[in-house]
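Subject: Structure handover

Hello,

Here is the structure for you to look over. My notes on it follow below.

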Amino acid sequence: MSEPANNRPGAPGIRVVITGKGGVGKTTLSALLAHLFAREGKRVLAIDGDPQQNLAATLGVPLAEAERIVPVSESTEYLREKIGAGTDISPGGLLTLNPDVSDVIDRFSVPVGENLRLLVMGSVREAGSGCLCPEFTLLSALLRHIILLKDDVIILDTPAGLEHFGRAVAEGFTCAVVVADHSYNAVSVARKSAALARQLGIGEVILVINRAQEEMELQNTCGNTGGLAEFSETVVLPFDLEVSRTEPAVTPLFAGESAFMKNVGVLAATIAGRCERPLPRGH
């Protein structure tokens with residue numbers, strides 16, 4: 001039996017987790033990067049791991065269609081089949097801790113456009129790597145399975161912080177994009193997220209300062225943003241009123257050539273340059 005394409009030495013693998021404080025634009029950036037990589041001809045799987053589940057609409061899926069998408073963690077049938085848990089099974093029973101989720105993409109992903117698919121994971125009841133609830137067990141298995149997928153790019157939009165997925169994230173992701181605005185609180189959360197990403201073994205951690213307006217204000221809040229030790233690199237995205245005007249979908253933003261979109265392109269190139277490399281043998 002031949003190895004999966006991205007499991008062979010020399011096969012590229014871009015695995016990006018998007019994290020940061022709530023409300024700083026993680027989902028918008030996830031959608032923009034997914035479309036950019038897809039337009040470059042890469043196969044892209046965008047994964048919505050945020051309980052708010054807004055990535056579908058942000059990618060441009062019609063709202064009525066987006067509302068019909070069933071998250072993996074909310075499929076009682078799939079939980080019962082893979083984990084041994086369901087509404088008709090008493091709590092506290094034995095769970096399958098290493099389920100076969102190789103069919104999850106075929107069963108749950110939604111095509112968004114050429115080269116781009118969406119998978120809505122849904123949320124977990126508890127956070128942390130010690131949780132043995134059925135939803136977390138299933139989603140952890142899914143994250144472990146990601147490294148075997150043939151997609152060139154996988155982008156995971158998360159809730160605020162990486163704690164919800166714990167060490168399961170480290171098994172499939174090589175890059176963390178930590179999003180902040182120019183506020184002290186957002187940058188403080190970003191630095192803590194970066195430290196956690198490093199602890200999880202994620203090699204590349206890129207800081208994105210979103211909605212930047214005044215250069216002096218940015219410098220006063222963040223210090224030397226190009227030199228924060230927690231980050232491999234920093235990309236600044238200028239404030240662009242069109243981003244809010246086109247909500248929820250990001251697709252209209254591609255019609256123009258704004259400074260914001262130019263810098264999103266710089267971010268995509270930075271991610272590719274740092275992360276598009278052969279996966280380690282044995283992964």
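**Overall picture**

Of the 283 residues in the protein chain, 53% are buried. Buried means under 20% relative accessible area, exposed means over 50%, and partly exposed is in between (1.4 Å probe, protein chains only). This is a predicted model: local features need pLDDT of at least 70, side-chain atom pairs count only at pLDDT 80 or more, and totals for chains, interfaces and linings use all residues. Residues are numbered from 1 along each chain as its sequence is written, and side-chain values use heavy atoms, with hydrogens and water left out.

The protein chain has 10 helices and 8 strands. These are DSSP runs, numbered from the N terminus: helices are H or I with at least four residues, strands are E with at least two. Among contacts in the protein chain with a separation of 6 or more, 77% join residues 24 or more positions apart. Contact means heavy atoms within 4.5 Å.

**Helix 4 and its surroundings**

Start with helix 4 (residues 76–83). Which of its residues are buried? They are Tyr78, Leu79, Lys82 and Ile83. Seen down the axis of helix 4, these buried residues fall within an arc of 100 degrees, so they line one face of the helix. The arc is that of the directions from the helix axis to the C-beta atoms.

What covers the buried residues of helix 4? The cover includes helix 5 (104–108) and helix 6.

Take helix 6 (residues 134–145). Helix 4 and helix 6 pack at an angle of about 75 degrees, with their axes 10 Å apart. Axes are lines fitted to C-alpha atoms, for helices over the stretch in contact, and angles run from 0 to 180 degrees between N-to-C directions. Helix 4 and helix 6 are therefore roughly perpendicular to each other. The classes are: under 35 degrees roughly parallel, over 145 roughly antiparallel, 65 to 115 roughly perpendicular, and the rest oblique.

On the helix 4 side, the meeting residues are Tyr78, Leu79, Lys82 and Ile83. On the helix 6 side, they are Pro134, Glu135, Thr137 and Leu138. By class, this contact of helix 4 with helix 6 has 5 nonpolar, 1 polar and 2 charged residues. Ala, Val, Leu, Ile, Met, Phe, Trp, Tyr, Cys and Pro count as nonpolar, Asp, Glu, Lys and Arg as charged, and the others, Gly among them, as polar.

Just after helix 4, Gly84 has a positive phi of about 85 degrees.

Helix 6 also holds Ala141. Ala141 is buried, at 5% relative accessible area. Leaving aside neighbours within four places in sequence, Ala141 is in contact with Pro99 and Val101. Ala141 and Asn98 are 43 residues apart in sequence, yet 6.4 Å apart in space, C-alpha to C-alpha.

**The aromatic pair**

The structure holds 1 aromatic pair. Tyr78 and Phe108 form it, edge-to-face, at 4.9 Å centre to centre and 75 degrees between the planes. Rings of Phe, Tyr and Trp (its six-membered ring) pair if their centres lie within 6.5 Å; planes under 30 degrees apart count as stacked, over 60 as edge-to-face and the rest as tilted. The pair links distant parts of the chain: Tyr78 is in helix 4 and Phe108 in helix 5, 30 residues apart. Both are buried.

**Loops to look at**

- Glu247 and Pro248 are joined by a cis peptide bond, with omega about 5 degrees. Pro248 sits in the loop between helix 9 (241–245) and helix 10 (259–275).
- Gly256 lies in the loop between helix 9 and helix 10. Gly256 is partly exposed, at 39% relative accessible area.
- Gln53 has a positive phi, near 55 degrees, and is not a glycine. Gln53 lies in the loop between strand 2 (44–48) and helix 2 (55–59), and is partly exposed at 27%.
- Asn115 also has a positive phi, about 70 degrees, although it is not a glycine. Asn115 is in the loop between strand 3 (110–113) and strand 4 (116–120). At 30%, Asn115 counts as partly exposed.
- Glu114 is found in the loop between strand 3 and strand 4. Glu114 is exposed, at 69% relative accessibility. Glu114 and Lys42 are 72 residues apart in sequence and 9.6 Å apart in space, C-alpha to C-alpha.

Best wishes
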